[in-house]
Amino acid sequence: MNATPQVLAVLDEVLASAATGERGALWRLAEQGRELDANVVKLPPGAGVAEHQEDVLDVLLVVLAGTGSLRTGAGGTLNLVPTAVTWLPRTSRRSLEAGPEGLTYLTVHRRRPGLAVGPAVRAPAYEGGEAPCMLDLVCPECGRLSADRAPKFCSACGEAFPER
């Protein structure tokens, strides 16, 4: 069966419907069978996404509205302005900070494989109490598991993790 192209969102309408102080994902690509993930993320003035590293995926970031800066792990700073297209290669360290009018951007990357139920794997005996829980590494907004052991913000949707 062939998939049929379709308009999923009109970004002008998505941006216009966002509340003034709203933060986080305004829109997500959620169609079944997709091979991509995409999010429209809004940061209010002065807000940011803490330094993090995506070890598996390249990310394309397109600024839709506002301004900001992207700090690279190498100590550089890239200015983000409307219509700027930025490549965030996998393994690169980066952080974002919104400018005085906030920052709204689209991210696009290959979809992470979902968790699947497979055959049981016999794990070695674990001594010393219960196995560690990883719930504090799951983004409360989009449900993604963070590769960072102490995440501050989700690398997929930009949502802040709860304080520990």
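Mentor: A residue is called buried under 20% relative accessible area, exposed over 50%, and partly exposed in between, with a 1.4 Å probe and protein chains only. The model is predicted, so local features need pLDDT of at least 70 and side-chain atom pairs count only at pLDDT 80 or more, while totals for chains, interfaces and linings use all residues. Residues are numbered from 1 along each chain as its sequence is written, and side-chain values use heavy atoms, leaving out hydrogens and water.

The structure holds 4 salt bridges, a salt bridge being a side-chain nitrogen of Lys or Arg within 4 Å of a carboxyl oxygen of Asp or Glu. One of them joins Arg90 to Asp58, with the closest N and O atoms 3.7 Å apart. Arg90 belongs to the loop between E6 and E7, and Asp58 to the loop between E3 and E4, so this pair ties together parts that are 32 residues apart in sequence. The strands named here (E, at least two residues) are DSSP runs numbered from the N terminus. Asp58 is partly exposed because its relative accessibility is 30%, and Arg90 is likewise partly exposed, at 46%.

Thr91 has a positive phi of about 75 degrees, although it is not a glycine, and its relative accessibility of 48% makes it partly exposed. Thr83, also not a glycine, has a positive phi of about 75 degrees. Thr83 lies in the loop between strand E5 (77-80) and strand E6 (85-88) and is exposed, with a relative accessible area of 68%.

A further salt bridge links Arg93 and Glu51, whose closest N and O atoms are 2.8 Å apart. Since Arg93 is in strand E7 and Glu51 in strand E3 (residues 48-53), the pair ties together parts that are 42 residues apart in sequence. Arg93 is partly exposed at 35% relative accessibility, and Glu51 is partly exposed at 43%.

Arg71 and Glu97 form another pair, the closest N and O atoms being 3.3 Å apart. Arg71 lies in strand E4 and Glu97 in strand E7, so parts that are 26 residues apart in sequence are tied together. Both partners are partly exposed: Arg71 has 39% relative accessibility and Glu97 has a relative accessible area of 32%.

Leaving aside residues up to four places away in sequence, the contacts of Leu80 (heavy atoms within 4.5 Å) include Leu61, Val63, Leu70, Thr86, Leu96 and Leu103. Among its other contacts are Gly66, Thr67, Gly68 and Ser69.

How values were computed
Helices (H or I, at least four residues) and strands (E, at least two) are DSSP runs, numbered from the N terminus.
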